[in-house]
Amino acid sequence: MRPLRNPIIQAVLAWLLALWMRFCFATIRWTHQNEGVAEAVWAQGGGVLCAFWHSRISLSPSCWPQDRAQPVKALVSLSPDGQFIARALALQGIPAIRGSSANKDKVDRAKGGTQALRDGLKQLRIGALAITPDGPRGPARQMAEGLPLLAKLSKAPVLFIGMSCKPAIRLNSWDKAVLPLPFAKGAIVWDVADYPEGADLADVAFAWTERLNAVEADADAITGLERA
């Protein structure tokens with residue numbers, strides 16, 4: 001049996017990961033770039049989509065100041081790995097919406113996709129929804145149409161968030177996930193967009209892939225982390 005399928009082991013590992021992440025975030029030397037666009041969204045209030053690539057999930061709590069930003073929930077898959085991620089995020093004050101909206105234009109066929117779409121739109125009436133638009137299975141850094149669809153239906157702005165730290169641990173996973181190390185150099189870079197009126201979902205997904213790649217590449221350039 002895989003360890004993450006055991007609820008006791010999963011709970012202990014999630015607690016340890018959350019504790020490790022808090023320690024790392026407190027000791028990392030952070031550089032923030034273009035934070036003004038995020039500050040404007042936080043000051044405005046209301047719904048906002050937060051997008052970052054799946055490989056940077058472990059860094060994501062560092063980009064959302066819960067004392068002044070909208071309340072946030074994370075869209076997390078129904079897989080056992082997703083349950084582990086959901087536990088670790090919840091321990092840092094970020095509840096999960098379980099499901100997947102990553103099956104491009106076939107959201108209603110994705111596992112839990114219909115309910116995730118409904119719950120995501122409900123969350124976007126009052127606050128923020130964090131989503132990894134290349135998750136939960138990839139391909140890495142290729143955006144499916146779930147994020148553009150949520151933006152189109154909700155009319156909420158999208159914050160593209162690039163996060164990086166060095167030194168860091170690289171996992172041998174499909175997304176080459178980055179795990180932070182304490183006392184590292186860290187960077188967070190923001191960009192923002194609204195869904196273009198009348199645009200095609202596939203065209204928006206392509207354009208937004210480039211924008212999300214750009215902020216992550218900028219963050220990696222600041223820290224010196226090699227692009228995987």
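Let us start with Arg68, which forms a salt bridge with Glu35, their closest N and O atoms lying 3.4 Å apart. Please keep in mind that this is a predicted model. The pair links distant parts of the chain, since Arg68 sits in the loop between S2 and S3 while Glu35 belongs to helix H2, 33 residues apart. Arg68 has a relative accessible area of 40%, and is therefore partly exposed.

In total, the structure holds 9 salt bridges. Another of them joins the side chains of Arg56 and Asp220, at 3.0 Å from N to O. Arg56 lies in the loop between S2 and S3 and Asp220 in helix H6, residues 201-223, so this pair ties together parts that are 164 residues apart in sequence. Both Arg56 and Asp220 are buried.

Helix H6 also contains Glu216, whose partner Arg141 is in the loop between strand S5 and helix H5, 75 residues apart. The side chains of Arg141 and Glu216 meet at 2.9 Å, N to O. Glu216 is buried, with a relative accessible area of 2%. Which residues make up the network of salt bridges? They are Arg56, Arg141, Glu216, Asp220 and Arg227.

I turn now to the aromatic rings. The structure holds 7 aromatic pairs. One of these, Trp20 with Phe23, is tilted, at 6.3 Å centre to centre and 55° between the planes. Both residues lie in helix H1, 3 residues apart, about one turn of the helix. Trp20 is partly exposed at 34% relative accessible area, and Phe23 is likewise partly exposed, at 40%. Ring pairs link Trp20, Phe23 and Phe183 into a cluster.

Conventions: Residues are numbered from 1 along each chain as its sequence is written. This is a predicted model: local features need pLDDT of at least 70, side-chain atom pairs count only at pLDDT 80 or more; totals for chains, interfaces and linings use all residues. Side-chain values use heavy atoms; hydrogens and water are left out. Rings of Phe, Tyr and Trp (its six-membered ring) pair if their centres lie within 6.5 Å; planes under 30 degrees apart count as stacked, over 60 as edge-to-face and the rest as tilted. Helices (H or I, at least four residues) and strands (E, at least two) are DSSP runs, numbered from the N terminus. Buried means under 20% relative accessible area, exposed over 50%, partly exposed in between (1.4 Å probe, protein chains only). A salt bridge is a side-chain nitrogen of Lys or Arg within 4 Å of a carboxyl oxygen of Asp or Glu.
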